Amino acid sequence: MTPPAVTVEKNYVPEFKATKTVPISTESATAWESFKFDHIRESTVSRAMTKRYFADLDKYAESDVVIIGAGSCGLSAAYVLAKSRPDLKIAIVEAGVAPGGGAWLGGQLFSAMVMRKPAQKFLDEVGVPYEEEDTYVVVKHAALFTSTLLSKVLLFPNVKLFNATTVEDLITRVDPVSGELRVAGVVTNWTLVSMHHDDQSCMDPNTINAPVVLSTTGHDGPFGAFSVKRLVSMTAIEKLGGMRGLDMKAAEDVIVKRTREVVPGLIVGGMELSEVDGANRMGPTFGAMALSGEHAAEVVLQVFDE
Ligand code: 48N
């Protein structure tokens, strides 16, 4: 059966008119020869970076929300949270230098990203153009979705991204009366340090206190499903269900519906959840990631609405 012809929506690629607006207008080639930047000293650059970074470390040492993992689910949650509660301090901790997780490609190194309806409503909200099909939409470049979402999240003044930084443990409290364990923040280190605890001793971590943590660490990669595996190793939960085989239809509905607080203070979303519940994986379709992020944000907000 021949696949239906792909109809590219007229409005997909906006009409661009070549314009000669360049920020540094030089009337002639010779002008470039005399071009020069304003003066700078190396220490000025160093102080400009470190002053801000350490001021942020100080400011976010007490955060309202920590999001572990800046993949499609974590970034979607961060967008909803930051937009709906500008009063909340949101720290995003991402192990990679480049945030985005598995959402830079649509699947097996292909550029296009598929999202099943109604997830296109999230794309409309964030302002990502797509081609419309009958039960799904296609974003021309997965990188367009991720870069647009990332840029919107990082523009919020109440968000700080700590990338190249790994959550290597959870801060926990045990209620003296009920004995109930609650997650109360995260333990962090530079990712390169976190990856070398086996061959270097005593590289102590840093911490971020927060009343609620959202873990969206995915199922892949060196730290995949980090928080839920840590809950098992600290016997806060008995065992993981283990991610099941690929079943696109079943997987996406389950992940969105079951995004939830797994232990008090720790909400889990995205593909990390499939490891908890033994849910199927969904393969190269990303609507569930965006909507699990949206659902996770609502669960987080309930903590602050109480
Ligand atoms: O993209 P991921 O891996 O996770 P999600 O849940 O946001 O999106 C999952 C999605 O990309 C898929 O896997 C698709 C739908 N495929 C499904 C399938 O069936 O194959 O992002 C997780 C992020 C990554 O950027 C990691 O670097 C980061 O979390 N991370 C951490 N960051 C800090 N500390 C950690 N301990 C940590 N662990 C992972």
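In the predicted model, an N or O atom in the side chain of Arg281 lies 2.7 Å from an oxygen atom of the ligand, a polar contact by the criterion of paired N or O atoms within 3.5 Å. The protein buries 90% of the 800 Å² that the ligand exposes when taken alone (accessible areas from the Shrake-Rupley method with a 1.4 Å probe). Local features require pLDDT of at least 70 and side-chain atom pairs pLDDT 80 or more, whereas totals for chains, interfaces and linings use all residues. Residues are numbered from 1 along each chain as its sequence is written, and side-chain values use heavy atoms, without hydrogens and water.

**Ligand surroundings**
- The ligand is surrounded by 28 residues (a heavy atom within 4 Å), the closest being Glu94, Gly102, Met271, Arg281 and Gly283.
- Met271 places a backbone N or O atom 2.9 Å from an oxygen atom of the ligand.
- A nitrogen atom of the ligand is 3.0 Å from a backbone N or O atom of Ala95.

**Helix packing**
- Helices α3 (residues 72-84) and α5 (residues 142-155) pack at about 35°, with axes 9 Å apart; helices are DSSP runs of H or I with at least four residues, and strands are E runs of at least two.
- Axes are lines fitted to C-alpha atoms over the stretch in contact, with angles from 0 to 180 degrees between N-to-C directions.
- The α3–α5 crossing is left-handed, the near helix being turned anticlockwise from the far one by less than a right angle.
- Ser72, Leu75, Ser76, Ala78 and Tyr79 of α3 meet Phe145, Leu149, Leu150, Lys152 and Val153 of α5 (heavy atoms within 4.5 Å).

**Backbone geometry**
- The Lys117 to Pro118 peptide bond is cis, with omega near 10°, and Pro118 lies in the loop between β3 (113-116) and α4 (120-126).
- Leu109, a residue other than glycine, has a positive phi near 70° and is found in the loop between β2 (90-94) and β3.

Terms used: Polar contact = N/O pair within 3.5 Å; in protein donor to acceptor, adjacent residues only side chain to side chain.
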